Amino acid sequence: AHPPIRTICCIGAGYVGGPTMAVIADRCPGIQVTVVDLNAERIAAWNDPDLGRLPVYEPGLDAVVGRARGRNLHFSTEVDAAIAAADMVFLSVNTPTKTKGVGAGQASDLRWIEASARQVAASARGHTIVVEKSTLPVRTAETVKAILGAAQQNRPEGDRRQAKTFAVLSNPEFLAEGTAIADLEAPDRVLIGGEDPAAIESLAGIYGTWVPQDRILRTNLWSSELSKLTANAYLAQRISSINSIAALCEATGADVREVGRAIGTDSRIGSKFLQAGPGFGGSCFQKDILNLVYLCRHYGLEEVAGYWEQVVTLNTWQQDRIARLVVQRLFGTVTGKRLAVLGFAFKADTNDTREAPAIRICQDLIEEGARLVIVDPKVSAAQIAEDLGQPSSPADGGWQTAGSPLEAASGADAILILTEWRDYARLDWGAIAAQMRRPAWLFDARAIADAAAARAAGLNVWRVGEG
Ligand code: UDX
Ligand code: UDX
Ligand code: ADP
């Protein structure tokens, strides 16, 4: 028997916690869901009456939040109170790669997971199911259990409060940004790892409200944690594989889109995730692979570590290769040249720039003395300044923003497309070309623009993977 869950607390109101809890609240009106965060500004943005100003941009998120907020979906900074009230606590905090100490650059920094587990240990009441939502290194649940276990025992003599007990589950999130709501509403699968069957069924019962039972997979804790890292490593590997073939296509006269179609029709390979581009970005892929690499080394599996590490090496190479190629085509120098950069987000339909390929490519070009004019429909100038590590400036080796691709193109020698925003497929190349300095270039790293129209307008065109 598993008592139904009536109250949920989610620690971390980020890209994962916010949308996931919004959908749970929307689908389960009988459960009170409170999302808490230390970041008061972020919580205020989640509570903004203007649904256009939520801190995370996801198509459809505003409607879901609009339906549930105030009814059974709440955003708060009162972490301890929300934990105390909850039957189930999701840990959805950030787990970035460590920047210093042992495992710097590879291992995950678990300080926020540890801190939130300690907060749960201190504030929980009665029986609490703790669910790991953040992507974590394998066997993190051990740490979480140890911290919670200590709280279970740390009861002073004569303390008569009801005993604290915990069950720990791993429930990794597979949503992709930009399609978060669709992915949450109709997931390929939900994965629940754990040892306590009652806790597993409590969580399965929540998802079962809208997800068919055969899509709810139950595994042990370690398989669940490892599946998340493996899924992301496989997906990233496909991108490095197709990008490696794109370079070979450019050298030989093949076209990577034709190759992709030809191999994707093999049902064993499948047609998705075969788009060549400027390399993968996002908060997960690189972090999770490096995490996997660190884990393999820890267990003495050097060849396995090296195998996966190469996926990241190739990704970085692809970004540098594109920046180098732009410089070469522009007669070996971009110093003082105006270059329009279309797209800064790591992919379309998101305002997220974490690990965006645009960051490295722009930095490389800035280093070469270019004057970048950056446009992105969802990324703010403040975010770009933070990512590039320098304020906006019109000087050589500087960057500024523009309101539209046309404005950015004015006086430019080249246009670089780095994010596949749909609008970039419909640009008016006649109007743009008329604004540019000749000879003018289009470097389309996403192969999304109408290359024939750009050529007809007099531009030289480079497309990723086109020989
Ligand atoms: C392969 C390709 O499948 C085929 O399209 C191409 O034309 C020729 O090469 P083949 O070598 O006959 O065909 O056999 P395949 O079934 O692909 O298996 C190749 C090897 O991979 C075998 O040793 C098989 O045991 C191994 N394998 C396959 C695995 O170890 N695991 C798997 O999941 C699949
Ligand atoms: C990814 C996983 O898809 C998701 O399951 C996991 O939960 C989190 O990490 P996300 O990072 O949001 O999601 O985006 P995704 O669509 O996977 O794209 C990642 C990167 O790969 C982007 O930079 C994208 O542009 C790039 N990509 C993707 C390609 O270059 N080519 C492709 O064919 C697909
Ligand atoms: P993700 O992409 O995994 O959702 P984010 O960085 O977008 O990651 O969100 C994680 C959130 O977790 C941040 O807003 C951060 O402030 C919050 N957070 C981290 N540690 C704690 C904690 N101990 N208590 C409350 N919130 C926390």
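**Notes on the shell around ligand 3 and the chain that holds it**

1. Helix α5 (residues 111-123) gives the shell around ligand 3 its largest share, four residues. Helices here are DSSP runs of H or I with at least four residues, strands are E runs of at least two, and both are numbered from the N terminus. Bear in mind that this is a predicted model: local features need pLDDT of at least 70, side-chain atom pairs pLDDT 80 or more, while totals for chains, interfaces and linings use all residues. Residues count from 1 along each chain as written, with chains lettered from A and ligands numbered from 1 in written order.

2. Ligand 3 has 22 residues around it, and G12, G14, V16, V93 and N94 are the closest. To be near, a residue needs its C-beta atom, placed from the backbone, within 6 Å of the molecule.

3. By class, that shell holds ten nonpolar, ten polar and two charged residues. Asp, Glu, Lys and Arg count as charged; Ala, Val, Leu, Ile, Met, Phe, Trp, Tyr, Cys and Pro as nonpolar; the others, Gly among them, as polar.

4. Stepping back, the protein chain has 17 helices and 14 strands. Its radius of gyration is 24 Å, close to the 23 Å from the globule rule for 467 residues, so the chain is as compact as a globular protein of that length. That radius is over C-alpha atoms, and the rule is 2.2 Å times the number of residues to the power 0.38.

5. Helix α9 (residues 221-252) has 32 residues and should span 46 Å at 1.5 Å a residue; its end C-alpha atoms sit 47 Å apart, which agrees. The expected span is 1.5 Å times one less than the number of residues. Just after α9, G253 has a positive phi of about 100°.
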